[in-house]
Amino acid sequence: MPDRDRHRPASAPRIRQEDVDTAQETISSLMPRARRMVAASPSPVRDADPASPLGVAAMTLAMLSAARADWTTRGKLQQTLPQLWLAQMSLPPAVSCAAGLAGLCREEDVEQMIVRPAGTGDGSQVRAVSWTWAAEALRTPVAACEDATHEQVIEVLTSYASAEPLQRLVAAYLAPERGDWAQAALEGADPLPVMALAVPHTGDQLLGLLDRVPSYSVGGTGFTNLVTAVDRIGADALPTLKALLDDDPDAAEARNYYSLIAELPSDEALDLLIDHIDDPRAGASVLTATDRRPGPALDLLARRASANQACAALLAARVRSDRDLASDVADRLPAGAAARIREVLAEGDHPDADPSQLPALLVSPPWAGKRSRKAQTVIEGPAAPDDTHLDWLPGEQQEWLTLPNYRRGDNPPPGLSWQQLADQVLAGERVWGHLQLLLINAPDDLLRPLLGRMTIRDLWQAQDWMRIVLARFADDALPIVLDAARRQPSTCSSLLMPVGGAPVAAMMAGWLRRIAAQAGRPRVEQAASAFGPGVAAALATVLDADPLEALPARMPKPPAWLNPAALPRLLTRADSAVPSPMVPDVVTVLALSSLDDRYAGVQVLRESFDAGILAAFARALFEQWRIAGFPSKQGWVLDAQGFLGDDETVRMLSPLIRAWPKAGGYRRAVNALPVLAAIGTDTALMHLHRISLKVPSKPLRAQAVALIDQIAEERGLTSEELADRLVPDLDLDADGSRVLNYGPRQFTVGFDETLRPFVSQDGVRRKALPKPGAKDDAELAKAS
């Protein structure tokens, strides 16, 4: 009995007396009508002993019918009746009740609903009756019962294994060890309930069910049944799981299917997962499968690495995690695939760095020990307020309230009420423009209770439209305004001009430290001197504090998906490597940072390690995040690309940004645009400019256009002037031409008035650029 032995619970579940009491209370009001219904039914239902399995099953169906559309009562019956059966009879008769219920149907006879045995052609009536709950509730008691009781259960079920189609299904479902019952149980009734997924014993049986059970429940409510079958069938279940993935499942269903594939011990299953490595829904399962089968994973990844960036990244991670195994696998691979492994292995030929070669930040991280608090300079005067408060200048609130906004005066989208729009915004289903529409126009009495539950994730141009929100809702809007300023001070700090209080003072002290680091301490001190010696002394206390000690009360925890050993080694200037135990501390530095609130440790890293090495490290970290499915709690990984990335990072991100909106990652794409701006190279801005012109998502294009305008303004240029500077010049002269020097001969290449390329020699057009001849200078010609 393989199924029973493998998954037999340690003990039988106890009967819950509270469920028994609920069942007895619920049926008391339904019994009179149910009895009339059974009395009007044909034999053998009418004549059955009320205490017999058939009598109990008939009365159960009659009570469900008597409850009509009272779904609460029906739900109570289905949840508690099996407990009542087990309390009033032994397990074998209770099993007989469940199987008997599957063999009954109800129909309307003149004016009276009746119960009768189901027969051929009664599929529609039987399907209209909810009966699977009874068998599902008894499966665990059957699996856990004593062997003697189990033999009695099998004896009871034997009589149903050749009865009506759905009774055969119950028999096979409750006795999964009886593989000889499975095929008969899957024949006859169509469609089948989702519990049928637990019955197959072969891959063909399971695959044949996909068109016969409700497809919407396979990866959802019916998933546990699928798990049961896949666990039993093993690798032969792969065609079924592949078919389910090909049927366009939603994200949750796809993750379920991928997780089952990761459990299959076959190269074909691993191959399928690696084929889907670019699907973010597969990420966690890919990692699970490659961890379980590292040798075959190295083989498959090495063969695909040249054609797939994600495969190359995961290959590098696997090689770094187990160098000895990687070396053995490389010896068995074709030359090209082996070379990809050996290229990563070559990274490791560096000794661990001596502590003297490393920054103190990594040798003794400030978060590793107990933090000390230095005495603070206190300015005599009013005590710091306990609460954040508003302090408007005369006319300022009205001025902010009446600021222009393109959504002012608009109505909700067609077919939606303000309440429905608010629900969608809170659920994250509506984007940037709809948020402005809601907060600027929806009724006050609807919005005020909701403001405390809102997180404004997309802060694009929030420095403008959130002024209207703050002026409109005053104190109720303070939480979202403070959050915006904290997360994006470069643009949203101006929202705090009318806001005072200790939290604001603490936030601004942190900004002062960053401003002093960027603009120079003397300029900040000169500005503070106008406010008197007390302010100057307090400023000195703020600026003298070690910025590396500016840590949050709760330090970020390493994410579950992080594999430090799989990241590329960080090399010092002395060509030694950061020891592996210190790598998580490097990641912590990045986790403490965002584009707008960068921890001082980031600058320490940039001063201690080569920029290209840091960029490669950040990209490898991004790949781990991507394979894990881009968990939002680790959004700092994307920001880290902005302050450590390079042009190679840009080329990695740009196609992803274009693809994310269509794959449900619009917000991630929006968050990635400032990352390109933060990298700031000509290549980064060129890709940002292209996104502003050529992506299918209009909202994303609008965000990119606004960012390009902002960058142009900061550089004292118009958007058109910046765009002109971002067009590759291909080393052409000002007139758009270039001279190619072959030594004795020179050729001019350029573009005519229609931008068609041309080649000319001594003013005469040629059809094409000639190959170098024997009299030409070979080196000059090659360089040209």
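## A kink in helix H38

Helix H38 bends by about 25 degrees at leucine 653, shortly before proline 655. The bend at a residue is the angle between two fitted axes, one for the seven residues ending there and one for the seven starting there. This is a predicted model, in which local features need pLDDT of at least 70 and side-chain atom pairs count only at pLDDT 80 or more, while totals for chains, interfaces and linings use all residues. Residues are numbered from 1 along each chain as its sequence is written, and side-chain values use heavy atoms, leaving out hydrogens and water.

H38 covers residues 647–659, 13 residues in total. Helices are DSSP runs (H or I, at least four residues), numbered from the N terminus. From first C-alpha to last, H38 reaches 19 Å, close to the expected 18 Å. The expected span is 1.5 Å times one less than the number of residues.

The buried residues of H38 are Thr649, Val650, Met652, Leu653, Ser654 and Ile657. Buried means under 20% relative accessible area, exposed over 50%, and partly exposed in between (1.4 Å probe, protein chains only). Their cover includes helices H20, H36, H37, H39, H40 and H41.

Aspartate 646 caps the N-terminal end of H38. One of its side-chain oxygens lies 3.1 Å from the backbone nitrogen of glutamate 648.

The structure holds 0 disulfides. A disulfide is a pair of cysteine sulfur atoms within 2.5 Å. Cysteine 105 is in none, and its nearest cysteine sulfur, in cysteine 97, is 18 Å away.

Cysteine 105 is buried, at 0% relative accessibility. Cysteine 145 is buried too, with a relative accessible area of 6%.

## Serine 65 in helix H4

Serine 65 sits in helix H4, residues 53–66. At 8% relative accessibility, serine 65 is buried. Contact means heavy atoms within 4.5 Å. Leaving out residues up to four places away in sequence, serine 65 touches Arg33, Met37, Arg74 and Arg106. The side chains of serine 65 and arginine 106 also form a polar contact of 2.8 Å.

## Glutamine 357 in a loop

Glutamine 357 lies in the loop between helices H22 and H23. It is partly exposed, at 36% relative accessibility. Setting aside neighbours within four places in sequence, glutamine 357 is in contact with Thr572, Ala574 and Ser576. Alanine 577 is 220 residues from glutamine 357 in sequence, yet their C-alpha atoms are 9.5 Å apart.

Conventions
Helices (H or I, at least four residues) and strands (E, at least two) are DSSP runs, numbered from the N terminus. A polar contact is a pair of N or O atoms within 3.5 Å; within protein, one must be able to donate a hydrogen and the other to accept it, and residues adjacent in sequence count only if both atoms are side-chain atoms.
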